[in-house]
Amino acid sequence: MLLLKNFMEHKTQEEHDSPRQLDSFTRALLPILMAVGTNRDEPKLRICVYIPDGDGLLHVTDSVGFAVDDRKPIPRSMGIVGLAARESKLVSVSFPTKPATTVTDFFVKRFGYDRVDASKLDQQRRSWAAVPIKNGDTLEAVLYCDACTRDFFGKTGGTRHKILEAAVIGVVDFIRNR
C-alpha cells in the first residue's frame, strides 16, 4: 500500500481537494487487485467511489473499467454499497451457483433493490465488494468494486480483502489532509 500512499502524496496542490485525486487512486488500485491470485480469467474488474449525499450515496469518481452516465444518489438502504455504509465493514459477496437465480433476483432478495432497478444492473457481474471509508465515526465514502468472475474478492481475511482494507487507509489520509 506504500505505492498508493506515495501516489496520493505526489499530487499537485491544485488536485489536492479534487475528486480527480480519488480517480487516480482507483486507477492505481486496479492492477494491484488484478495481480493477486491464480485466477487468470478476465474478471472485467470495475472500481469507483461513492460519497454520502443526504440519505443516499453518490457515485463521484470516474469509474475504472466502466462508464456511468447516471450519477443519481442510491439509497443507503439498497445494494452492497449501502450495506457496507450501514454495517461499517467490508462486505463482499459472490453470485450463488444456483442456476435458477438471476442477478436481478439476487439483488432484489439480498440487497433491497426493486425489480426495475435490479434489472438495470450489469447481469454479467458475479462478485461484488464495498468498503466503508471512515474518518473517526464519520462515513466519508465507500469504495466499490465488482467483477465478472465468481469469488474474485475471495474469503474474509484473504489477500484481496486485505488489499481493499489497506487501500482505505490512503483515502482516509487524503480526506484528513484536504
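**Reading the chain, its strands and a pocket**

Modeller: The accessible surface of the chain comes to about 9,300 Å², and carbon and sulfur atoms hold 50% of that area. Please keep in mind that this is a predicted model.

Colleague: What percentage of the residues of the chain count as buried?

Modeller: Of the 178 residues, 47% count as buried.

Colleague: How many helices and strands does the chain have, and in which order do they run?

Modeller: There are seven helices and six strands. Starting at the N terminus, the order is α-α-α-β-β-β-α-β-α-α-β-β-α.

Colleague: How should I read the strands, and in which sense do β1 and β2 pair?

Modeller: As a general idea, side chains in a regular strand alternate between the two faces of the sheet. In this model, β1 (residues 46-53) and β2 (residues 56-59) are antiparallel partners, paired over four bridges. Pro52 stands opposite Leu57 of β2.

Colleague: Which residue of β3 stands opposite Leu57?

Modeller: That residue is Ile74. Strand β3 (residues 74-75) pairs with β2 in the antiparallel sense, over two bridges. Leu57 therefore faces Pro52 on one pairing and Ile74 on the other.

Colleague: Let us turn to a helix. Is α4 mostly covered or mostly exposed?

Modeller: Helix α4 is mostly covered, with seven of its nine residues buried. The buried residues include Gly79, Ile80, Val81 and Gly82, and also Leu83, Ala84 and Ala85. Ser88 follows α4 and has a positive phi, near 55°.

Colleague: How does one look for a pocket, and what is the volume of the second largest pocket?

Modeller: The general idea is to roll a probe the size of a water molecule over the atoms, which shows where empty space is left. Here the second largest pocket has a volume of about 210 Å³. Its lining has 17 residues, and the closest to its centre are Ser92, Val93, Gly154, Thr156 and His161.

Colleague: Which element gives the most to that lining, and what classes of residue does the lining hold?

Modeller: Strand β4 gives the most, with four residues. Both α4 (79-87) and β4 (91-94) supply at least two residues each. By class, the lining has six nonpolar, six polar and five charged residues.

How values were computed
Residues numbered from 1 in each chain as written. Predicted model: local features only at pLDDT ≥ 70, side-chain atom pairs only at ≥ 80, totals over all residues. Heavy atoms only, no water. 1 Å grid on protein atoms, 1.4 Å probe; cavity = no way out; pocket = protein on both sides within 12 Å on 5 of 7 lines; lining within 4 Å. Points joined across faces, edges and corners; volume = space filled by probe spheres on them. Nonpolar A, V, L, I, M, F, W, Y, C, P; charged D, E, K, R; others polar. Buried < 20%, exposed > 50% of the residue type's maximum accessible area, 1.4 Å probe, protein only. Areas by Shrake-Rupley, 256 points an atom, 1.4 Å probe, with all protein chains shown as cover.
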